[in-house]
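Here is a quick walk through the model, helix by helix. Have the structure open while you read.

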Amino acid sequence: MKRAKRRGKARGSGTLAADFTRGMVATGLLTAVQDRWVTGAEPPAPRTILRHGLQGGAALAAASLAADALRNRDYARLALAVAAGAAGVVMIEHLLNPPDEPPQELPQELPKNEDPHG
């Protein structure tokens, strides 16, 4: 019971959802306005802003859990928080930034008088 009370006081008014929201908004805003005034810079795509925002939220929520676990010397929870945060960031990257399909090269035609083997 003491440990639960101590965790509640240590966290203050922050909750996991609040930490996620803070990280999402802060990172999304940074992505949206960064390099706006650089000559020739294009504004980021909305999907990029969303991806970075979600990743920032996941990272801040995981970092908050990890800091709380470290403060309480709960190393298993610390490792779990870091692993979950990394998995969340990677999952968001995979879902919202799928790899481009490799370009399909068209076979080049050789001139009729050239041997393909040199």
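## What sits inside

The buried residues of α3 are Arg 51, Gly 53, Gln 55, Gly 56, Gly 57, Ala 58, Ala 61, Ala 62, Ser 64, Ala 66, Asp 68 and Ala 69. Here, buried means under 20% relative accessible area, exposed means over 50%, and partly exposed lies in between (1.4 Å probe, protein chains only). Over in α2, the buried set is Asp 19, Gly 23, Gly 28, Thr 31 and Ala 32. Across the 118 residues of the protein, 21% are buried.

A word on where this comes from: the model is predicted, local features need pLDDT of at least 70, side-chain atom pairs count only at pLDDT 80 or more, and totals for chains, interfaces and linings use all residues. Residues are numbered from 1 along each chain as its sequence is written, and side-chain values use heavy atoms, leaving out hydrogens and water.

## The helices

The protein has four helices and zero strands, running α-α-α-α from the N terminus. Helices (H or I, at least four residues) and strands (E, at least two) are DSSP runs, numbered from the N terminus.

Two of them compare with their expected span (1.5 Å times one less than the number of residues) like this:

| Helix | Residues | First to last C-alpha | Expected |
|---|---|---|---|
| α2 | 18 residues | 26 Å | 26 Å |
| α3 | 26 residues | 37 Å | 38 Å |

Just after α2, Asp 35 has a positive phi of about 60°; just after α3, Arg 73 has one of about 55°.

## How α3 meets α4

Helix α3 (residues 46–71) packs against helix α4 (residues 75–96) at an angle of about 175°, and their axes are 8 Å apart. So α3 is roughly antiparallel to α4, a label for angles over 145 degrees. The residues of this contact split into 17 nonpolar, two polar and five charged.

## Zooming in on Arg 51

Is Arg 51 buried or exposed? Arg 51, part of α3, is buried, with a relative accessible area of 11%. Leaving aside residues up to four places away in sequence, Arg 51 touches Ile 92, Glu 93, Leu 96 and Asn 97, where contact means heavy atoms within 4.5 Å.

The Arg 51 side chain also makes a polar contact with the side chain of His 52 (3.2 Å). That term needs a pair of N or O atoms within 3.5 Å; within protein, one must be able to donate a hydrogen and the other to accept it, and residues adjacent in sequence count only if both atoms are side-chain atoms.

Note on methods. Axes are lines fitted to C-alpha atoms, for helices over the stretch in contact, and angles run from 0 to 180 degrees between N-to-C directions. Angles under 35 degrees count as roughly parallel, over 145 as roughly antiparallel, 65 to 115 as roughly perpendicular and the rest as oblique. Ala, Val, Leu, Ile, Met, Phe, Trp, Tyr, Cys and Pro count as nonpolar, Asp, Glu, Lys and Arg as charged, and the others, Gly among them, as polar.
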